[in-house]
Amino acid sequence: MIGDVLASSTICNTLKNEYPTAQIDYLIYPFTSPVVENNPNIDNLILFTDESKKSKIQLLKFCLKIRKSKYDIIIDAYGKLESNMITAFSGAKTKIGFYKSYTNLIYTHTVKELSVPKTTAGLALENRMLLLQSFDLKKALKVKPEIFLKDSEIENGKQILIQNQIDFSKKTYMIGVLGSGKTKTYPGKYMAELLDKIVSDTNATLLFNYIPSQLQEAQEIFDLCQPETQKNIKIDIVPKSIREFLSITYHCDALIGNEGGAVNMAKALNKPTFTIFSTWIKKEAWNSFDDGIKNVSVHLKDLKPELYGEKSAKEMKNQAMDLYQVFTPDLIIPVLEEYLKAN
């Protein structure tokens, strides 16, 4: 997914910084390429299509294509069947991956993932940096993901906002109004209450992050907002692509909303974020660089730990929707109020 691709791009950034003359290729799914486009630390994007994923014959052909490239080192930051096979067939002398008993023999070097973060970078980033342990690195790790926009893209984002009569004298917040699925989306009624609070406190302009196929869901949340809030929402600004979303978000004061790819992209643009975690997602993995000021996140397990007991958030996935019902706005608003004062 987009967040994973951004997180793993830190490996490319770190290696290119250490070995500027090395060729560094990055194997990803095509739909994730916009977040690493124009990254000077990546020499070639190798795209793994659905055809190669769904067909065993095409997957084998893809593996043989990789083998012909004669890579010296393969780093598998994915650890799924497809990447296991690609690594196994690669012919590389050095194969690095995460330790799993059933795939351990594929790799020459493995690392065991941390379960508790040691820094504010979070587990998703810390574990990826572990894959670089076997390198004799002299320079500092490039732990924070970066997105590289062209000047023309930044200007295009600004022009879109100007054409839609955005008042730059006020705060402008990008709202991650929907998650990637129902179990990752804060209930619409509750989200509307948070949006009412944001506008009441700041009179900010709100932009909704959604794709055209999600218009009905976004509209439902818009309709649940107070009339005064609706006046501040520019629901008709719909980016035509991920790069256009990035170019618009670049000009926003913060991104506020559901945890997911949009939050990770905003952080990679060095934008402040306020993240509402799904009730079953492990916060420690993706609350990267939370500092209580610029980047803040809220999770039901932190606010009502008694609902989880000894179970992890992920173990509560089948209760996600029920847990959302008790993740009421009054639990979030005190934290949100302080965040809005700072951002």
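## A tour by selection

Start with Leu60, which counts as partly exposed because its relative accessibility is 38%. This is a predicted model. Leu60 sits in helix H3.

**Whole chain**

Zoom out and colour by secondary structure. The protein chain has 15 helices and 11 strands. Its radius of gyration is 21 Å, close to the 20 Å that the globule rule gives for 343 residues, so the chain is as compact as a globular protein of that length. Along the principal axes, the C-alpha atoms fill a box of roughly 65 × 50 × 40 Å.

The accessible surface of the chain comes to about 17,200 Å², and carbon and sulfur atoms account for 52% of that. Of the 343 residues, 50% count as buried. If you display contacts between residues at least 6 apart in sequence, 60% of them join residues at least 24 apart.

**Helix H4 and what covers it**

Select residues 81-89, which form helix H4. Which residues of H4 are buried? They are Glu82, Ser83, Asn84, Ile86 and Thr87. Now show what lies over them: the cover includes strand S1 (25-28), helix H2 (50-54), helix H3 (56-68), strand S3 (73-76) and strand S4 (94-98).

An α-helix has 3.6 residues a turn, so residues three or four places apart point the same way.

Move on to Ser90, in the loop between H4 and S4. Is Ser90 buried or exposed? With a relative accessible area of 2%, under the 20% cut-off, Ser90 is buried. Show the side chain of Ser90: one of its polar atoms lies 3.2 Å from the backbone nitrogen of Ala92. Setting aside neighbours within four places in sequence, Ser90 is in contact with Ile66, Arg67, Ile74 and Lys95.

Gly91 is the next selection. This glycine follows H4 and has a positive phi, near 80°.

Most residues other than glycine have a negative phi.

Select Asn203, whose phi is positive, near 55°. Asn203 is in the loop between helix H7 (188-202) and strand S7 (205-208). Its relative accessibility is 40%, so Asn203 counts as partly exposed.

Then select Phe289, which has a positive phi of about 60° although it is not a glycine. Phe289 lies in the loop between helix H12 (283-286) and strand S11 (295-298).

**Ile332 in helix H15**

For the last stop, go to helix H15 (residues 329-342) and pick Ile332. Ile332 counts as buried because its relative accessibility is 0%. What is Ile332 in contact with, leaving aside its neighbours within four places in sequence? The contacts are Tyr186, Leu194, Phe274, Ile276, Val298 and Phe327. One of these, Val298, is within the range of strand S11 (295-298).

To finish, draw a distance from Ile332 to Ile281. These residues are 51 apart along the chain, and their C-alpha atoms are separated by 17 Å.

Key. Residues numbered from 1 in each chain as written. Predicted model: local features only at pLDDT ≥ 70, side-chain atom pairs only at ≥ 80, totals over all residues. Heavy atoms only, no water. Buried < 20%, exposed > 50% of the residue type's maximum accessible area, 1.4 Å probe, protein only. Helix = DSSP H or I, 4+ residues; strand = E, 2+ residues; numbered from the N terminus. Contact = heavy atoms within 4.5 Å. Polar contact = N/O pair within 3.5 Å; in protein donor to acceptor, adjacent residues only side chain to side chain. Rg over C-alpha atoms; globule rule 2.2 N^0.38 Å. Areas by Shrake-Rupley, 256 points an atom, 1.4 Å probe, with all protein chains shown as cover.
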